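Please keep the sequence and the model at hand while reading.

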Amino acid sequence: MEQQVVETWLFAHGTFWALVPPIVAIVLALITKEAYSSLFIGVVMGGLFISQGSFPAFLNAVFKDGMIKQVSDPWNVGILFFLVILGTMVALMNKSGGSIAFGNWAKAHIKSKVGAQIATICLGILIFVDDYFNCLTVGSVMRPVTDKFKVSHEKLSYLIDSTAAPICIIAPISSWAAAVTGFVDGEDGLGLFIKAIPYNFYALLTIFALFAIVIMKVEFGPMKKYESAEAMIEDKMQEITPTDCKGGILDLVFPICSLIVFCFIGLIYTGGFFSSGEAHKGFVDAFGASDASVGLVLGSFAAFVLTIIWYLMRRVLKLRKCLECLPEGFKAMVPAVLILVLAWSLKGVTDTLGAKDFVAGLISGSASGFMNLMPAIIFCIAVFLAFATGTSWGTFGILIPIVVAAFGGVDYNLMIISISACMAGAVCGDHISPISDTTIMASAGAECNHVNHVNTQLPYALSVAGISFICYLVAGFTRSAIVSILLGIACIIGGLFAIKMMGAKKAKKAK
């Protein structure tokens with residue numbers, strides 16, 4: 001029976017048709033500005049490709065092997081638990097008054113809209129352990145502050161999203177570094193990761209662009225409209241301001257610090273750092289072998305229990321009020337959970353259709369003919385694959401082994417540049433993809449409409465992606481990270497000055 005099913009969708013397996021369902025879902029989401037139905041239509045289309053006229057096979061592809069399988073996957077279940085616990089922690093901090101107290105403190109110490117955005121970027125850089133943790137933590141901490149300075153939720157979600165994956169992919173101690181090193185066979189994975197950091201142009205230029213955009217006060221594309229809608233932000237701020245809170249700034253700082261410490265401990269615990277005998281691993285090895293899904297759940301749950309004890313000891317909240325935050329936190333995360341489940345289901349259908357085989361054949365077939373151009377080509381393919389499938393880790397798993405096999409023993413420097421291009425392109429595609437879990441969580445962390453977040457950050461991310469492509473072209477010939485990155489920085493500064501001057505001319509004409 002299984003062989004018969006495989007033969008029915010053989011026309012689509014391992015071909016460009018395998019990428020059609022996610023592409024359709026993404027296009028529909030951008031056009032309709034509605035993510036749920038768009039993702040579901042992508043899953044249904046994939047099911048039709050797999051079943052090809054067999055109704056029972058269609059039902060199995062969409063529900064049994066699609067949604068149910070993805071929801072029951074241990075890794076995905078762990079992420080869902082982590083989301084709910086974090087949602088509950090946010091509800092606790094809000095109900096205690098810690099968020100409002102921190103907002104009042106920040107208002108006294110952070111003097112401007114620029115300062116609020118810089119503080120958000122810096123906090124995002126500091127929380128480099130994991131992108132999921134980064135998105136929701138930075139959002140819950142900085143949202144009251146950015147609201148007070150009338151930063152739109154669209155801009156906040158862009159700042160969060162841009163300091164999540166782009167930071168993790170250049171941090172040697174992160175769950176992303178662990179994932180990348182696991183995909184490198186026959187080489188020192190961590191050593192290659194560290195050597196590739198200077199060539200990770202998209203991540204480095206994204207961070208530089210964040211500071212430049214904020215300091216130069218440049219907005220363009222759809223973001224400009226939302227950043228001018230200050231009255232709407234002020235109304236939202238008044239709606240969420242409680243009047244009966246007893247908590248102070250410590251009631252936000254303590255839970256956040258607990259989350260960071262315990263999640264970090266949870267990650268190295270799952271990697272065997274606290275094991276005895278032969279099972280014991282050193283710090284770096286334990287981080288590389290960590291199970292981020294389980295570690296984040298253990299760490300966040302420990303922080304959740306400790307936070308409740310903290311609030312009870314300080315008499316900020318009673319136990320009944322603390323437990324009421326459980327359903328509140330779950331409700332707050334329902335939109336993110338729904339989108340994640342549909343996105344995972346779409347990824348599962350895409351994997352079944354053989355998208356990996358198609359891309360692998362595309363890369364391996366062209367690796368020998370365009371050696372100096374390969375970093376730029378790999379970057380583009382990684383962007384497209386991560387954008388279409390919504391997963392950067394899956395993109396690493398497909399492309400990095402191919403790059404190592406193609407360049408290993410031939411040109412070591414070009415192999416490092418190409419590995420970095422693969423990582424950078426995967427992060428870029430993940431960054432701009434509406435079906436990426438990191439993008440979804442950035443929307444949730446900022447309490448921003450998901451499609452609005454995708455639309456507003458797209459011009460910013462694509463601009464950096466275009467400059468990164470040029471940098472990889474230069475690096476392929478010069479083998480120099482310094483020359484390439486300086487060129488990228490110059491392009492960003494020049495582009496922002498040009499946009500600012502054009503905006504000033506339009507403003508004069510309008511007068």
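At a relative accessibility of 46%, Glu447 counts as partly exposed, a class that lies between the limits of 20% for buried and 50% for exposed. In this predicted model, Glu447 is found in the loop between α24 (437–446) and α25, and its phi is near 55°, a positive value in a residue other than glycine.

A second case of this kind is Arg479, which has a positive phi of about 60° although it is not a glycine. Arg479 lies in the loop between α25 and α26 (481–510), and with a relative accessibility of 25% Arg479 counts as partly exposed.

## Overall make-up

The protein has 26 helices and zero strands, and of its 511 residues 54% count as buried. Among the contacts in the protein with a separation of 6 or more, 80% are accounted for by residues 24 or more positions apart.

## Packing of α7 against α13

Helix α7 (residues 113–126) and helix α13 (residues 201–216) pack with their axes 9 Å apart, at an angle of about 165°. Angles over 145 degrees count as roughly antiparallel, and α7 and α13 are therefore roughly antiparallel to each other. The crossing in which α7 passes α13 is left-handed.

On the α7 side, the residues that take part are Val114, Gln117, Ile118, Ile121, Cys122 and Ile125, and these meet Ile207, Leu210, Phe211, Val214 and Ile215 in α13. Sorted by type, the residues of this contact divide into 10 nonpolar, one polar and no charged.

## Aromatic pairs

A search of the whole structure finds 11 aromatic pairs. One of the aromatic pairs is formed by Phe201 and Tyr472, whose rings lie 4.7 Å centre to centre with 55° between the planes, so that the pair is classed as tilted. This pair links distant parts of the chain, with Phe201 in helix α13 and Tyr472 in helix α25 (residues 450–478), 271 residues apart.

How accessible are the two partners, buried or exposed? Phe201 has a relative accessibility of 0% and therefore counts as buried, and Tyr472, with a relative accessible area of 0%, is likewise buried. Phe201 and Tyr472 also belong to one aromatic cluster, which they form together with Tyr199 and Phe379.

Technical notes
Residues numbered from 1 in each chain as written. Predicted model: local features only at pLDDT ≥ 70, side-chain atom pairs only at ≥ 80, totals over all residues. Heavy atoms only, no water. Axes fitted to C-alpha atoms, helices over the stretch in contact; angles between N-to-C directions. Helix = DSSP H or I, 4+ residues; strand = E, 2+ residues; numbered from the N terminus. Parallel < 35°, antiparallel > 145°, perpendicular 65-115°, else oblique. Left-handed = near helix turned anticlockwise from the far one by under 90°. Contact = heavy atoms within 4.5 Å. Nonpolar A, V, L, I, M, F, W, Y, C, P; charged D, E, K, R; others polar. Phe/Tyr/Trp six-rings, centres within 6.5 Å; stacked < 30°, edge-to-face > 60°. Buried < 20%, exposed > 50% of the residue type's maximum accessible area, 1.4 Å probe, protein only.
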